[in-house]
Amino acid sequence: MQWLYCDFHIHTTWSDGEYSPGEVVSLYGEAGFDVIAITDHVLDAESISRSGRPVSELSVMDSSEFGSYQEELWDAARIAWERYNMLLIPGVELTNNTSRYHILALDIKEYISPDLSVEEIIACIRRQQGISVACHPYIRNHSGDDPSFHLWENHERLATMFDAWEVANRDDLFNVVGLKKFNYIGNSDFHEARHLLSWKTLLQCDRNVESVKAAIRRNDRVSLFLYRGGKIK
Ligand code: ZN
Ligand code: ZN
């Protein structure tokens, strides 16, 4: 069976990314990727109010925009499939900077609030048959901060609740996650063109969303891949 080249953590102009969903599709499609997930930020209410600014000025998606966001991603997904034979999975990064967890929700159908607890978020994602991913659960070299610290602090309890953990994020490999042998994937956390050169995931499965989701959950034919540019195929 074929190995699919995947990136499940990509930001667009719907939050703090540089490219629109359409431009992201062209970039990844031309490079030869098989599966991408677009995962723009929604931010917890306390972080929004602490900023003292309206949500529209914060480079995050407003919950009221979620429907239009989903519609644009569905349109982009159709183009990705027709032009490049590439799957686009709509997702979101539930960003809670107050309680310090970032969680990817892939293939969800309805809005989920980042103000919920980690357990509630995981349950909501599961109910919608989505995939939950613990984002960058350890210290990253490029930022120095650790916005998902809560997840690692509670990793013993949360280990098997998530469908996967990001064992690699952009340039960073999280050895602590690898040592625990949790379900894993690697993602770019793409915001701008140079982030394309980064850790990615290879999955051996059929080219459809349900098979990709099953392959992440099963996590037996998965590998990390450091993309260094050029055409994959
Ligand atoms: Zn994040
Ligand atoms: Zn991100």
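Hello everyone, let me start with E46, which counts as partly exposed at 45% relative accessibility. That label covers the range between buried, under 20% relative accessible area, and exposed, over 50%, using a 1.4 Å probe and protein chains only.

What we have here is a predicted model, where local features need pLDDT of at least 70 and side-chain atom pairs count only at pLDDT 80 or more, while totals for chains, interfaces and linings use all residues. Residues are numbered from 1 along each chain as its sequence is written, chains are lettered from A and ligands numbered from 1 in the order in which they are written, and side-chain values use heavy atoms, leaving out hydrogens and water.

Back to E46. Its side chain meets that of R50 in a salt bridge, at 3.8 Å from N to O. By salt bridge I mean a side-chain nitrogen of Lys or Arg within 4 Å of a carboxyl oxygen of Asp or Glu. Both residues sit in helix α2 (residues 45-51), and because they are 4 residues apart, about one helical turn separates them. Helices here are DSSP runs of H or I with at least four residues, strands are runs of E with at least two, and both are numbered from the N terminus. R50 is exposed, with a relative accessible area of 52%.

How many salt bridges does a search of the whole structure find? It finds 15. As a general point, side chains of opposite charge can pair when their charged atoms come close. One pair to look at is D34 with R207, joined in a salt bridge at 2.9 Å, N to O. D34 is in the loop between α1 (21-31) and β2 (35-43), and R207 is in the loop between β9 (199-204) and α8 (209-218), so this pair ties together parts that are 173 residues apart in sequence. Are these two residues buried or exposed? Both D34 and R207 are buried.

R194 also forms a salt bridge, with E192, and their closest N and O atoms are 3.0 Å apart. R194 is exposed, with a relative accessible area of 58%, and E192 counts as partly exposed at 27% relative accessibility. There is a network of salt bridges as well, linking D107, K109, E210 and K213.

Now, the metals. Which residues coordinate the zinc ion (ligand 1)? They are E93 (OE), H102 (ND1) and H136 (NE2), at 2.0 to 2.2 Å. Donors are N, O and S atoms within 2.8 Å of the metal (3.2 Å for Na, K and Ca), and since water is not among the atoms, sites may look incomplete. Along the sequence, the donor residues of the zinc ion (ligand 1) follow the spacing E-x8-H-x33-H. E93 lies in strand β3 (residues 87-96) and H136 in the loop between β5 (131-134) and α5 (149-153), and this pair links distant parts of the chain, 43 residues apart. Both E93 and H136 are buried.

The protein donors of the zinc ion (ligand 2) are H9 (NE2), H11 (NE2), E93 (OE) and D189 (OD), at 2.1 to 2.2 Å, with the spacing H-x1-H-x81-E-x95-D along the chain. H9 is buried, with a relative accessible area of 0%, and H11 is also buried at 0%.

On to the nonpolar side. In soluble globular proteins, nonpolar side chains tend to be buried together. A nonpolar core here is a set of buried Ala, Val, Leu, Ile, Met, Phe, Trp, Tyr and Cys residues joined through side-chain atoms within 4.5 Å. The largest one has 50 residues, of which Y28, L88, I103, L151, F162 and W165 touch the most other members. Helix α3 (residues 66-84) gives the most to this core, with 7 residues. A second, separate core has 20 residues, including C6, V35, C135 and V222.

Last, some backbone. Most residues other than glycine have a negative phi. N85 is not a glycine, yet has a positive phi of about 60 degrees, and this residue lies in the loop between α3 and β3. R170, in the loop between β6 (164-169) and β7 (172-173), also has a positive phi of about 60 degrees without being a glycine. N85 counts as partly exposed at 37% relative accessibility, whereas R170 counts as buried at 9%.
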